[in-house]
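Please keep the sequence and the model in view while reading.

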Amino acid sequence: MASLVALVTPLAERLRTATRVTVLTGAGVSAASGVPTFRGANGLWKQHRPESLATAEAFARDPALVWEWYAWRRSTIAACRPNRAHEVIAAWGRRYADFTLITQNVDGLHEAAGTRHVVRMHGSLWELQCWNRCAVAPARWEDRRADFVELPPRCPHCHGLVRPGVVWFGESLDPEVLRQCDAALDCDLFLTIGTSSVVYPAASLAPEAKRRGAYTVEINPDTTPASATLDLAIQAPAEAALDAVDRSARIS
Ligand code: APR
């Protein structure tokens, strides 16, 4: 197998000349931090697939079960720290004036690494919304508790249920988020990192960036539906590949 340095060389060369850089990340970018991915070997929680828990229907049917899953994810992620992949992406954000990070992740680790201007496609695990959309509660608010005394938690205003501030399957994405994603597709270099590329609309971004003329790169230890369609597929873990790219950029 080619060495990692050889695998990342074409990307390092593009990074040298690019001025507009866009990165899309998925759960794999946080795997080295200890955050479980959704569709990997440890993707199931108590035998439930994410598609059967992360829906408004599942919440309406059994809010306690859905909240048990989110409470477990909150306490798992609260103990996790950004890894080398998050750090290199944050450094790109400082290096390129025209840089956008779009993430499907709700864990907050890109923000913890200091990445500026994160476009959160799927919301945040650390925000809550009133399930009843009561008139008093804000549309969403930050709540960083990892342990809840009462589960499911209650709206501090109407005392009805609250839900996590994330986008569930079947729900529409925020139009402003979609606008920012669309604007970021006009770039020189588009990277899709640590995502299985099966959930839309995120999975449509890399092909669309390529159609608009960007050089497109995937970083993932596994092949995905995107691998064969993009310009370069670096089959390696994000934390190792991005570390190698960063070192290569510094010695050249
Ligand atoms: N580096 C890079 N990629 C990795 C690593 C790693 N160290 N470890 C695993 N991966 C890859 C896996 O091979 C897989 O392709 O990360 C990908 C994770 O895929 P998913 O678990 O499907 O996560 P993601 O693509 O982010 O899911 C999309 O689905 O459940 C919903 O809303 C949730 O945002 C999520 C969306």
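**Overall fold**

Residues 24 or more positions apart account for 65% of the contacts in the chain with a separation of 6 or more, where contact means heavy atoms within 4.5 Å. The model is predicted: local features need pLDDT of at least 70, side-chain atom pairs count only at pLDDT 80 or more, and totals for chains, interfaces and linings use all residues. Residues are numbered from 1 along each chain as its sequence is written, and side-chain values use heavy atoms, with hydrogens and water left out.

- The chain holds 9 helices and 9 strands; these are DSSP runs numbered from the N terminus, with helices (H or I) of at least four residues and strands (E) of at least two.
- For 252 residues, a compact globule would have a radius of gyration near 18 Å, and the 19 Å of the chain agrees with that. The radius is taken over C-alpha atoms, and the globule rule is 2.2 Å times the number of residues to the power 0.38.
- Along the principal axes, the C-alpha atoms fill a box of roughly 60 × 35 × 30 Å.

**Surface and charge**

- Of the 252 residues, 50% count as buried. Buried means under 20% relative accessible area, exposed over 50%, and partly exposed in between, with a 1.4 Å probe and protein chains only.
- The accessible surface comes to about 11900 Å², and carbon and sulfur atoms contribute 52% of this area. Such areas come from the Shrake-Rupley method with a 1.4 Å probe; for residues, only the protein chains shown count as cover.
- The chain carries 27 positive and 27 negative charges, whose mean positions are 2 Å apart. Lys and Arg count as positive and Asp and Glu as negative, while His and the chain ends are not counted. Each charge is placed at NZ of Lys, CZ of Arg, CG of Asp or CD of Glu.

**Cysteines**

- The count of disulfides is 0, a disulfide being a pair of cysteine sulfur atoms within 2.5 Å.
- The closest cysteine sulfur to that of Cys 187 belongs to Cys 181 and is 12 Å away, too far for a bond.
- Cys 187 is buried at 5% relative accessibility, and Cys 80 is buried at 7%.

**Two buried positions**

- Thr 100 belongs to strand S2 (residues 98-103) and is buried, with 9% relative accessibility. Leaving aside residues up to four places away in sequence, Thr 100 touches Val 21, Thr 22, Val 23, His 117, Val 119 and Ala 184.
- Val 88 sits in helix H5 (residues 84-95) and is buried, with a relative accessible area of 1%. Beyond residues up to four places away in sequence, Val 88 touches Leu 242, Asp 243 and Asp 246.
- Val 88 and Thr 115 are 27 residues apart along the chain, and their C-alpha atoms are separated by 9.5 Å.

**Backbone exceptions**

- Most residues other than glycine have a negative phi, and most peptide bonds are trans.
- The bond from Leu 151 to Pro 152 is cis, with omega near -5°; Pro 152 lies in the loop between strand S5 (141-142) and strand S6 (162-166).
- Tyr 200 and Pro 201 are also joined by a cis peptide bond, with omega about 10°; Pro 201 lies between strand S7 (189-193) and helix H8 (205-211), in a loop.
- His 117 has a positive phi near 55°. His 117 is in the loop between helix H6 (109-112) and strand S3 (118-120) and is partly exposed at 43%.
- Arg 133 has a positive phi of about 50°. Arg 133 is in the loop between strand S4 (123-130) and S5 and is exposed at 73%.
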